[in-house]
Amino acid sequence: MTDSDDALLPLDAVRPPASSKDTKGAPAPAPERPVARVAVDSPLPHLDRLFDYLVPDSMHETAEPGVRVRVRFAGKLVDGFLLERADESDHDGRLMPLERVVSPERVLTPEIAGLARAVADRYAGTLTDVLRLAVPPRHAKAESEEPAKQDLPPAEPSQTESAWNAYPTGPSFLGALRDGRAPRAVWSALPGARGWAGATAEAVRATLDGGRGAVVVVPDGKDVALADGEFARVLGPGRHVALTADLGPAERYRRWLKVLRGQVRAVVGTRAAMFAPVADLGLVAIWDDGDDLHAERLAPYPHAREVLGLRAHRTGAAMLIGGYARTAEATQLIASGWARPIVAARTTIRGLGPRVRPAGEDAELAKDQAARQARLPSLAWRALRHGLESGPVLVQVPRRGYLPALACRHCRTPARCALPPTRRTALPPDPHAGTALPMPEAPAEAGHLCHGPLALRGGHAAPYCRWCGRVDADWRCSSCGSPRLRAVVTGARRTAEELGRAFPSVQVRTSGRDGVLATVPATRALVVATPGAEPVAEGGYAAAVLLDGWALLGRADLRAGEEAVRRWMNAAALLRPSAELVVLGDAALPAVQALLRWDPVTHAERELGDRAELGFPPAVRMATLTGVASAVRQMLDEVRLPPDAEVLGPVPVDEAGQERAMIRVRRSGGAALSAALKGASGVRAARKTPDVVKVSVDPLDLI
Ligand SMILES: [Zn+2]
Ligand SMILES: [Zn+2]
């Protein structure tokens with residue numbers, strides 16, 4: 001790249017005008033390391049690198065790596081982070097001086113700076129975008145406050161029986177944390193509402209006892225509150241902070257500073273806490289990694305499990321991925337040997353789990369008039385009535401608005417596109433071949449198919465593919481050969497009022513979109529909740545009915561089966577041991593089987609195998625490009641994809657002319673794919689192309 005190429009690199013942004021040859025008025029440089037390398041706050045992908053500035057003598061003491069600075073960039077004053085001080089600059093020509101050091105607080109630690117770079121590269125994003133997620137906005141007052149002196153008494157020895165004794169490999173995991181080693185585990189937690197929080201607190205305690213710090217990320221505020229209490233109990237007061245978005249900027253920044261300044265070494269919080277600057281990190285942990293709240297909503301859309309995994313990898317910290325259910329991603333980490341499973345013995349699980357019974361589609365409805373009105377199968381009605389004799393009962397109802405999937409009418413196998421990818425880049429050159437000729441349009445290999453989900457458009461008999469957009473008039477079920485399709489039954493929405501009428505004289509409590517209850521007392525009550533909003537019941541629920549089986553399983557979502565198991569198990573874990581649970585679902589379905597046997601592991605392994613066969617993440621790396629049609633097509637034409645990449649689409653995604661294309665590569669090609677997409681975005685930005693194409697690597701909603 002030449003200096004005259006100022007369309008790509010505004011070097012004039014950091015270089016004083018050529019005419020100012022005299023040095024009059026220029027500040028004296030710092031006596032040592034007079035060059036500051038600055039990450040400038042600019043969203044433009046082609047400017048995603050460090051820029052050199054001069055450190056004036058007056059800022060020599062304060063302009064340390066990690067501080068916030070103000071610099072002149074492309075004629076404007078902008079924010080930035082100072083990342084390094086150096087003796088010399090590669091840039092020939094005079095450097096612009098730093099405008100000022102905003103605060104001497106070194107808010108960006110070397111570990112987080114390196115992590116942010118790695119996350120940006122992983123997700124085809126910019127360092128600035130990740131830093132915006134990683135370092136909270138400054139709150140000057142909180143920063144200037146004198147930290148309250150706290151002399152903590154030495155932590156009391158842990159006394160209670162360890163929750164980890166219930167797992168054969170649990171005690172050795174704790175021991176390794178205490179000894180400063182880096183075990184990595186995928187933990188299938190035993191049912192029981194509070195058990196996970198207490199066990200996680202113990203893992204943090206062991207890490208602190210070993211002289212290192214810990215970061216724990218959980219899905220929502222309800223989980224933070226639960227963990228906060230358990231951490232206080234197990235760690236003792238003042239040894240951790242809870243970080244959530246709803247604290248308000250001052251309090252959140254105050255707590256974050258405590259972590260940065262090393263006053264506390266343990267953090268529990270929602271996804272932004274994944275970047276908490278805990279010093280000397282010994283453990284990163286994530287609870288319920290299948291919850292989609294763990295995926296960041298802002299560019300470059302990183303996922304907490306991935307970010308924490310990168311942190312563990314880069315720092316040599318231990319990692320704990322916990323949940324009642326298990327994701328295909330966590331299963332992949334076990335399959336690759338990166339992590340080991342922590343699972344309880346079958347007898348232990350049987351003693352703590354609920355007694356699950358399925359009620360299939362043809363289940364007999366209750367005879368009771370009101371229960372019939374609420375379309376409650378008699379099995380479910382009896383379980384609830386019996387449970388209500390001794391305490392609260394839970395009914396999980398579906399949320400509104402799931403998009404139904406198409407499936408084989410005969411055997412219910414989800415209907416998938418059986419056409420080859422829209423386009424495919426050349427295979428990697430064969431080293432044994434004499435010449436490696438470029439093959440722009442290599443024919444698809446047999447078996448390498450799109451596998452996108454099929455859908456029906458009004459008035460058309462033949463289904464089309466949501467990924468590649470083509471109509472497949474000759475579709476036949478891959479399992480049974482039937483040519484007939486149906487939209488999966490989504491079940492009826494039962495309201496709290498309808499259900500309440502079936503149990504007159506019982507108090508009805510609801511938890512969902514209009515207000516989430518964290519807990520309910522141990523008294524008799526019918527608790528109606530949507531998935532994810534189930535309150536913890538004092539002493540556990542006496543019974544539960546999961547009414548949303550068809551809705552969850554029938555969603556047009558690649559993860560529908562895994563997600564159904566996860567949501568069912570999260571609700572079922574809130575029951576008393578051996579309490580009765582009825583799930584509306586066919587016992588022959590693998591997801592229902594997983595709940596019946598409380599065996600998330602077999603289900604997850606099968607799920608991972610299916611995804612490998614179909615070419616879905618995490619077996620492959622996938623990226624989506626979304627934007628106006630012409631922009632998406634132009635970027636597809638320009639991007640230099642790694643060998644063997646498959647392009648699906650583009651297809652329209654809305655009425656406004658937005659289109660989406662997908663790119664699929666083997667896992668080994670993931671880094672090359674991200675780099676290629678970043679490069680293509682940079683070219684577009686440098687050209688000042690107005691239409692932005694949103695790039696998302698491994699998005700969760702692959703519908
Ligand atoms: Zn079939
Ligand atoms: Zn397709």
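Strand 11, residues 318-323, is mostly covered, with 6 of its 6 residues buried. Buried here means under 20% relative accessible area, exposed means over 50%, and partly exposed is in between, with a 1.4 Å probe and protein chains only. Strands are DSSP runs of E of at least two residues, helices are runs of H or I of at least four, and both are numbered from the N terminus.

A word on the source: this is a predicted model, local features need pLDDT of at least 70, side-chain atom pairs count only at pLDDT 80 or more, and totals for chains, interfaces and linings use all residues. Residues are numbered from 1 along each chain as its sequence is written, chains are lettered from A and ligands numbered from 1 in the order in which they are written, and side-chain values use heavy atoms, with hydrogens and water left out.

Back to the strand. In a regular strand the side chains alternate between the two faces of the sheet. In strand 11, Ala318, Leu320 and Gly322 are buried on one side, and Met319, Ile321 and Gly323 are buried on the other.

Which strands pair with it? Strand 6, residues 184-188, runs parallel to strand 11 and is joined to it by 5 bridges. Strand 10 also pairs with strand 11 in the parallel sense, over 5 bridges. Pairing requires that DSSP finds at least two bridges between two strands. Leucine 320 has alanine 185 opposite it, and alanine 285 stands opposite leucine 320 as well. Strand 10, helix 8 and strand 11 together form a right-handed β-α-β unit. Right-handed means that, with the strands pointing away from the viewer, the path from the first strand over the helix to the second runs clockwise.

The loop between strand 10 (281-287) and helix 8 (304-315) holds proline 300. The peptide bond joining alanine 299 and proline 300 is cis, with omega about 0 degrees. Aspartate 288 is in the loop between strand 10 and helix 8 too. Aspartate 288 has a positive phi of about 60 degrees although it is not a glycine, and its relative accessible area is 8%, so it is buried.

Next, the metal. What holds the zinc ion (ligand 1)? Its protein donors are the SG atoms of Cys408, Cys411, Cys477 and Cys480, at 2.2 to 2.3 Å. Donors are N, O and S atoms within 2.8 Å of the metal, or 3.2 Å for Na, K and Ca; water is not among the atoms, so sites may look incomplete. The 4 donor atoms subtend angles of 103 to 116 degrees, which makes the arrangement tetrahedral; for four donors, that requires all angles to lie between 85 and 135 degrees. Along the chain the donor spacing is C-x2-C-x65-C-x2-C. Cysteine 408, in strand 15, and cysteine 477, in the loop between strand 18 and strand 19, are 69 residues apart and link distant parts of the chain. Both of these cysteines are buried.

Last, glutamate 563, in helix 15, residues 560-572. Why does glutamate 563 count as buried? Because its relative accessibility is 3%. Its side chain makes polar contacts with those of arginine 566, at 2.9 Å, and arginine 567, at 2.8 Å. A polar contact is a pair of N or O atoms within 3.5 Å; within protein, one must be able to donate a hydrogen and the other to accept it, and residues adjacent in sequence count only if both atoms are side-chain atoms.

Terms used. Four donors count as tetrahedral if all angles lie between 85 and 135 degrees; four count as square planar and six as octahedral if opposite donors are over 155 degrees apart and all others between 65 and 115; anything else is irregular.
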